[in-house]
Amino acid sequence: MRVLIVHNRYRARGGEERHIELLERGLAGVGVDVRRFERDSGELQASAVRRAVAGLALAYRPGGGGIRRALRGARPDVAHFHNIWPLLTPSALRAAKRSGAVVVLTLHNYRFACPAGTLWRQGRVHEDCIEGSSLRCGLRNSRANLLESVAYGMALEAQRRTRMLQRWVDAFVAPSEFMAGMLIRSGIPARRVHTIPYGIPLAEAPQPQRHRFVLFAGRLVPEKGVGTVLAAARMCPEVPISVAGDGPLAAGLAESAPANVRYLGRLGRPELGQALADAAFTLVPSEWYDNLPFAALEALGAGRAVVGTAIGGLPEIVDDGVTGCLVPPGDPAALAAALRRLWADRSSTTAMGARAREVAEERFSSTVQAEAIRALYARLAAA
């Protein structure tokens with residue numbers, strides 16, 4: 001089976017790019033002939049004219065962002081799309097459909113309805129655009145840039161009213177049940193929505209816990225709960241916390257962090273693996289509808305318990321009291337209580353970490369994901 005993976009890369013590398021690399025490797029491992037076609041949003045940085053043209057063509061970019069040549073060269077049985085904005089747009093889906101390929105779209109965020117893609121607006125989660133108007137959401141400045149918000153709002157409104165995704169996508173892949181529910185609420189037929197969690201590579205055996213600190217690793221933005229971590233840290237000065245990552249809040253972190261918080265900066269993959277080995281457990285205190293965060297999956301794979309928030313897809317990763325614990329989002333006191341309890345109880349964190357690793361092997365390995373995706377491709381091709 002020949003598969004073309006299609007993706008519009010973001011300006012800042014994140015979980016989607018990592019997922020695509022792992023998926024490509026996993027599919028090749030189960031016998032799928034995989035090729036990739038990508039565009040990069042960084043192409044727009046050098047030219048204001050290019051940005052203006054891309055903004056005007058967000059709803060439907062004639063030519064599909066150059067995908068036709070890739071389709072002719074690869075002749076795929078399946079075209080598996082990921083992010084399609086701003087350079088591909090639904091016209092790339094149409095080109096793939098017309099080429100005779102089965103078209104699959106994985107939704108990593110909420111940009112099928114929300115101009116920001118996050119359901120996060122002015123410091124709070126929202127759902128009004130899921131069953132309501134994307135344009136109205138854009139007019140409420142969901143991207144914290146009114147011009148961009150309105151441009152994306154208009155494009156999504158046009159796409160939804162003309163049912164572009166429904167017409168040109170054969171199957172929608174949701175990495176979490178939460179995402180699947182949002183897709184269905186937005187108008188995507190339930191029979192075409194398939195929940196297949198992300199997969200991660202697993203070492204033969206996780207390293208033993210060193211219990212040196214509690215680890216937060218993620219993008220340093222408000223919706224990831226960084227402010228809540230700092231507030232909770234002030235309430236439990238006996239718990240050492242290390243923060244790894246980069247983002248808009250990084251510059252002020254050193255000044256605002258209490259003495260028990262250490263900023264590690266942005267870590268490469270080997271350094272992140274070492275930090276996970278040194279951690280007693282990890283923090284994933286998201287305050288937005290996080291889909292299926294890699295930070296939590298990789299903690300499970302490393303045999304570390306996760307203190308997460310009961311929001312989005314996190315409860316599908318963290319089994320409260322079994323592989324970690326769940327606290328309400330944006331609640332520093334509840335987070336501090338969980339930190340104190342788990343830091344003081346090494347036997348519990350060790351047991352939770354062992355079970356976390358078992359869950360990663362059962363549900364979130366690269367092999368499990370690749371087999372599920374390959375099976376979906378086969379069903380769609382047969383139909």
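The protein folds into 16 helices and 14 strands, taken as DSSP runs (helices H or I, at least four residues; strands E, at least two) and numbered from the N terminus. Its radius of gyration is 21 Å, close to the 21 Å that the globule rule gives for 383 residues, so the protein is as compact as a globular protein of that length. That radius is taken over C-alpha atoms, and the rule is 2.2 Å times the number of residues to the power 0.38. The C-alpha trace spans about 60 × 45 × 35 Å along its principal axes.

This is a predicted model: local features need pLDDT of at least 70, side-chain atom pairs count only at pLDDT 80 or more, and totals for chains, interfaces and linings use all residues. Residues are numbered from 1 along each chain as its sequence is written, and side-chain values use heavy atoms, with hydrogens and water left out.

Now the interior. Buried residues (under 20% relative accessible area, 1.4 Å probe, protein chains only) make up 55% of the 383 residues. A nonpolar core is a set of buried Ala, Val, Leu, Ile, Met, Phe, Trp, Tyr and Cys residues joined through side-chain atoms within 4.5 Å. The largest one has 50 residues; Phe81, Tyr110, Phe112 and Phe172 touch the most other members. A second, separate core of 30 residues includes Phe216, Ala233, Ala250 and Ala305.

Tyr110 deserves a look. Beyond its neighbours within four places in sequence, its contacts (heavy atoms within 4.5 Å) include Phe178, Met179, Met182 and Trp288. Across the protein, among contacts between residues at least 6 apart in sequence, 70% join residues at least 24 apart.
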